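My entries follow in the order in which I looked.

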Amino acid sequence: MPAPIVIYDGECNFCLQSVNWVSKKLDIRLLAFQSADLAKYGLTLKECSQQVFVIDGDEKYGAIDAVIFLLKKRGNKLLSKSLKLLGPLSRWGYFWVASHRSSLIVRLIGRILARQGK
């Protein structure tokens with residue numbers, strides 16, 4: 001089966017560091033939405049500017065569902081289950097981070113992820 005495709009914001013350092021961290025233990029194909037053929041995946045520019053997407057075969061996951069999918073496949077099962085159990089709180093947290101990508105806290109988390117990848 002082909003590697004899952006991750007469509008992310010290629011201009012966001014936090015996003016880049018996150019997908020790089022995931023790719024250290026999981027075979028994924030990375031596509032920055034800014035240069036991807038989004039129509040091929042049934043996605044729009046607006047959708048992709050607001051959330052990450054994972055395409056795995058015929059399945060499509062967005063936002064926190066994409067994160068949960070990637071964490072589980074990467075082997076971070078406890079974290080993925082915790083996020084799933086938190087439900088609406090996880091969704092809120094995801095969209096808070098997505099809408100505050102340039103905030104100090106999100107930039108710091110991006111730097112921590114970058115160090116984890118070294």
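I looked up Arg-91 and found that, at 38% relative accessibility, Arg-91 counts as partly exposed, where partly exposed is the range between buried (under 20% relative accessible area) and exposed (over 50%), computed with a 1.4 Å probe and protein chains only. This is a predicted model, in which local features need pLDDT of at least 70 and side-chain atom pairs count only at pLDDT 80 or more, while totals for chains, interfaces and linings use all residues. Residues are numbered from 1 along each chain as its sequence is written, and side-chain values use heavy atoms, with hydrogens and water left out.

I then asked which residue pairs with Arg-91 in a salt bridge. The partner is Asp-65, and the closest N and O atoms lie 3.3 Å apart; the term stands for a side-chain nitrogen of Lys or Arg within 4 Å of a carboxyl oxygen of Asp or Glu. Because Arg-91 sits in helix α5 and Asp-65 in helix α3, the pair ties together parts that are 26 residues apart in sequence; helices here are DSSP runs (H or I, at least four residues), strands are E runs of at least two, and both are numbered from the N terminus. Asp-65 is partly exposed, with 32% relative accessibility.

The structure holds two salt bridges. In another entry on these contacts I noted Asp-9 and Arg-101, whose side chains meet at 2.4 Å, N to O, in a salt bridge. This pair links distant parts of the chain, 92 residues apart, with Asp-9 in the loop between β1 (5-8) and α1 (13-23) and Arg-101 in the loop between α5 and α6 (104-116). Asp-9 counts as buried because its relative accessibility is 12%, and Arg-101 is buried as well, at 19%.

I noted a positive surface patch formed by Lys-72, Lys-73, Lys-77, Lys-81 and Lys-84. Patches take residues with over 30% relative accessible area and no salt bridge, joining like charges within 9 Å and nonpolar side chains (Val, Leu, Ile, Met, Phe, Trp, Tyr) within 5 Å. Helices α3 (64-74) and α4 (77-86) each supply at least two residues of the positive patch, and α4 gives the most, with three. Lys-84 is in helix α4, and its 62% relative accessibility is why I list Lys-84 as exposed.

I also found a nonpolar surface patch of Leu-86, Leu-89 and Trp-92, which together have about 360 Å² of accessible area, computed by the Shrake-Rupley method with a 1.4 Å probe. Leu-89 belongs to helix α5 (residues 88-99) and counts as exposed, at 52% relative accessibility.

How many disulfides does the rule give? The count comes to zero, a disulfide being a pair of cysteine sulfur atoms within 2.5 Å. Cys-48 is in no disulfide, since the nearest cysteine sulfur, that of Cys-15, is 12 Å away. I recorded Cys-48 as buried, with a relative accessible area of 2%, and Cys-12 as buried at 7% relative accessibility.

Ala-36 and Ile-5 are 31 residues apart in sequence, and their C-alpha atoms are 11 Å apart in space.

How values were computed: Lys, Arg positive; Asp, Glu negative; His and termini not counted. Charge placed at Lys NZ, Arg CZ, Asp CG, Glu CD.
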